[in-house]
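Please open the structure in a viewer and keep the sequence at hand.

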Amino acid sequence: MKRKILKTLLILSTLAVLAIFAIKIPFISHQLDGPKFCGSCHLMKPWVDTYIQSSHSEWATCGGCHIPHNVVSGAFYKAFTGTRDGIYMLIGHVPDRIRISGHGAKVVNDNCLSCHQDVMSTVGYPLADRNKNCFDCHRDLPHNRQGLQKGGQPN
């Protein structure tokens, strides 16, 4: 009996890990990283609207800024945050104001540096040189806050 339970747990664990990595398969990742998917949650609509109006929409997806680019850490981060946010919505744990977490800020800042490496090598690295994230100065990129009220609600 124990052997059968262990075998079942092994199979389920393997399937769970494969499902997490499947998130990074380009076709699936494209479906789960874009404004269509992210905007399917009405809470994110103002943020998706400001993203679509920005120049970033031509070059990056939502996940391109908010998910680590590394395949392994990106797959697990996306699985974790997506599951967490989905559960929060299902149980009605809706934040009054959407705020980026400390880890989320690190991910976004790392992705800024990844895409803007040429500029950064000229102007310096804000976190290392000035203890600031890129978005501490570039607050309106790509989410123009003039189109948002306090709390992330549209004007």
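Is cysteine 65 buried or exposed? Select this residue to begin; the model is a predicted one. Cysteine 65 has a relative accessible area of 17%, and a residue counts as buried under 20%, so cysteine 65 is buried.

**The cysteines**

A disulfide requires the two sulfur atoms to lie within 2.5 Å. Next, select cysteine 137 together with cysteine 134. Cysteine 137 takes part in no disulfide, and its nearest cysteine sulfur, in cysteine 134, is 8.7 Å away. With a relative accessibility of 60%, cysteine 137 counts as exposed. A search of the whole structure finds 0 disulfides.

**Asparagine 111**

Proceed to asparagine 111, which belongs to helix H7. Helix H7 spans residues 102-115. The relative accessible area of asparagine 111 is 6%, so this residue is buried. Which residues does asparagine 111 touch, leaving aside those up to four places away in sequence? They are Gly64, Cys65, His66, Ile67, Pro68 and His69.

**An aromatic pair**

Now turn to the aromatic rings. The count comes to 1 aromatic pair. To view this pair, select phenylalanine 21 and phenylalanine 76: their ring centres are 5.5 Å apart and their planes stand at 90 degrees, so the arrangement is edge-to-face. Phenylalanine 21 is found in helix H1 (residues 2-22) and phenylalanine 76 in helix H6 (residues 71-90), so the pair ties together parts that are 55 residues apart in sequence. How accessible are the two partners? Phenylalanine 21 counts as partly exposed, at 29% relative accessibility. Phenylalanine 76 also counts as partly exposed, at 38%.

Where does isoleucine 91 lie? Isoleucine 91 is in the loop between H6 and helix H7. Its relative accessible area is 62%; a residue counts as exposed over 50%, so isoleucine 91 is exposed.

How values were computed:
Residues are numbered from 1 along each chain as its sequence is written. This is a predicted model: local features need pLDDT of at least 70, side-chain atom pairs count only at pLDDT 80 or more; totals for chains, interfaces and linings use all residues. Side-chain values use heavy atoms; hydrogens and water are left out. Rings of Phe, Tyr and Trp (its six-membered ring) pair if their centres lie within 6.5 Å; planes under 30 degrees apart count as stacked, over 60 as edge-to-face and the rest as tilted. Helices (H or I, at least four residues) and strands (E, at least two) are DSSP runs, numbered from the N terminus. Buried means under 20% relative accessible area, exposed over 50%, partly exposed in between (1.4 Å probe, protein chains only). Contact means heavy atoms within 4.5 Å.
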